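Today I am looking up a pocket and some helix packing.

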Amino acid sequence: MTNENPELAAAGGPMIHGTMELIDGRVALHFDLSLAHPIEPVWRAVSVPAELEQWFPAAVDWTPMKGETFEAGGATLEVTEVDAPHHLAWSYAGQLQSFKLTQEGDACRLTFTHVFDDLPLAAQTAAGWETYLSRLDPHLRGEHLTEEMAHEQWAEIHERYAEDFGVDPEPGRKFAEALRSAQQ
C-alpha cells in the first residue's frame, strides 16, 4: 500500500512514500524519504525543538534523552530511544512514533513510523503526516513551506490513501469539512 506525491516531486522535493501494515492488530504507517542533505542537519531538524517547530505538527522542549517525559496536548510523551544521529523514538498517548536516519552517499534516508490503533483513521493520519513531512525538505533548504501551503493538497492525498489502504474515506472528509467550516 504505497502513496507517492507526484506534485511535490515535480516541485523539486523528495518523493514521499506512505505505506501501511497491520502489526498485531495495530496500524503501522511508514514514510520513506530520500533527502539531499547530510545526516547531521536532518538529525537537528528532527530532534531540536526550534527546528521541529518549523515543519512538524508539534514540538516539545526536549533534550531528547531516553526516559524524558512531557505532558503535551493532554497526553504523556515519553522518549523511548535515542541513538544520535540515527534513531529517535517516542510514545505519545500509547502511539509509537520514530525517525530512523541513514546516510546514503551525500543524501540521508529518513523513515518516519507511526503506530496506532484506529484503522478507520489510517488515511486521515497518513495524509496529515505526508503534508507535514513535505515541509521538511524546504526547511532543510532554508525555505519555509507554510502549513497552509502544505495542506492545499490534503483532500486529494487523503483520497489516494483511503483507496490504497481500503478504508472508508468519510471520517477524513468530515474532518476536512469541519476544518474548512472553522476557517470561514
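My entries on the pocket and the helix pairs follow.

Ground rules: I am working with a predicted model, where local features need pLDDT of at least 70, side-chain atom pairs count only at pLDDT 80 or more, and totals for chains, interfaces and linings use all residues. Residues are numbered from 1 along each chain as its sequence is written, and side-chain values use heavy atoms, with hydrogens and water left out.

Entry 1, helix pair. I looked up α4 and α7 and found their axes 8 Å apart, at an angle of about 135°. Axes here are lines fitted to C-alpha atoms, for helices over the stretch in contact, and angles run from 0 to 180 degrees between N-to-C directions. Contact means heavy atoms within 4.5 Å; among the residues making it are Ala123, Ala127 and Gly128 of α4 and Trp154, His158 and Tyr161 of α7. I noted nine nonpolar, four polar and two charged residues in this contact.

The axes of α7 and α8 come within 10 Å and cross at roughly 170°, which makes α7 roughly antiparallel to α8. Trp154, His158 and Glu159 of α7 meet Gly172, Arg173, Phe175 and Ala176 of α8.

How do the residues lining the largest pocket divide? I get 20 nonpolar, ten polar and six charged, with Gly counted among the polar ones.

Methods:
Helix = DSSP H or I, 4+ residues; strand = E, 2+ residues; numbered from the N terminus. Parallel < 35°, antiparallel > 145°, perpendicular 65-115°, else oblique.
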